[in-house]
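Please look through the sequence and the structure before starting.

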Amino acid sequence: MSNHQRLDDGMRWRIVGRLEAGQTQVQICREFNLTPNIVCNLWKHFQDTGSIERKPGQGRPRATTATEDRYLSIIARRNRGATASQLSRDLYAATGTRVSRVTVSKRLHETGLFARRPAVCVPLTSTNRRVRLEWCRANRDWSMDLWATVLFTDESRFSLNTDSCRTFIWRKPGTRYLSSNVREIDHYGGGSLMVWAGIMLDGRTPLQVF
C-alpha cells in the first residue's frame, strides 16, 4: 500500500492544495508531521492522475473503523498516561478488534496526538492560585521606586536520584503547558539539595545551598 493512502481524503486535498499554492514538500512534512515519501507519493499520484483517490481494492484493508479510531482518541485524551499497549487492550475489550500498539500509535498520530514527556510543576491549591492572582492585580500599577524595595526570593530542591523520564502522555503539539498535560510533583525520593537565592533591582543575594 502506498504511503499517501493512509491519509483521509480531507488531509490529501489539503496537502495538494498547499503544494499547488507553492508551499514546499519539506514545509508540509513539518507542518503535518509526515515523512517525505508520503507527501512525494501523493503529489506524484495527483500529477499523474489528477485525483487523490486510490484505486478500488488497492492495498490492505484498514484494521480499524472510523468509529474505533474516534474511540481510541477519546480514551487517550481521558487517560493521557496510558501506553499504546494499554489502549490496544481497551479497544479489544470494548469492540473486539485486536490491533498492535504500532497501529494504535498511528491512529492517534492521525488525530494529532503524540507521546511526549509531561511538563511538571509544584501543585497549587485553589486558595494558592486565588491569593497569587489577587496580589498581582492589587500591585500591577506599582511604580519603579516601590518595586526597588522588593526582594524576590526563590528556592528549589534538586533530587540526587535521576529521573527515568519514561513517563509519557498523549497530547497535541503546542499544548505542553495545558493543565491536562502537566503532572504535579511535590515529593523527592532519596537525598536532595535545597538551593535558595534572592534578587532586587540593584543586586542579588549570595546563593545558599543546604
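A residue is called buried when its relative accessible area is under 20%, exposed when it is over 50%, and partly exposed in between (1.4 Å probe, protein chains only). The model is predicted, so that local features need pLDDT of at least 70 and side-chain atom pairs count only at pLDDT 80 or more, while totals for chains, interfaces and linings use all residues. Residues are numbered from 1 along each chain as its sequence is written, and side-chain values use heavy atoms, with hydrogens and water left out.

**Exercise 1.** Determine how many disulfides there are, and where Cys29 stands.

Solution. Take a disulfide as a pair of cysteine sulfur atoms within 2.5 Å; the count by this rule is 0. Cys29 is in no disulfide, since the nearest cysteine sulfur, that of Cys40, is 9.1 Å away, which is too far for a bond. Next, consider accessibility: Cys29 is buried, at 11% relative accessible area, whereas Cys40 is partly exposed at 37%.

**Exercise 2.** Classify the aromatic pair formed by Trp135 and Trp147.

Solution. Rings of Phe, Tyr and Trp (its six-membered ring) pair if their centres lie within 6.5 Å, and planes under 30 degrees apart count as stacked, over 60 as edge-to-face and the rest as tilted. This rule gives 6 aromatic pairs. One of them, Trp135 with Trp147, has 6.0 Å centre to centre and 65° between the planes, and is therefore edge-to-face. Finally, ring pairs link Trp135, Trp142, Trp147 and Phe152 into a cluster, in which Trp135 is partly exposed at 42% and Trp147 is partly exposed at 24%.
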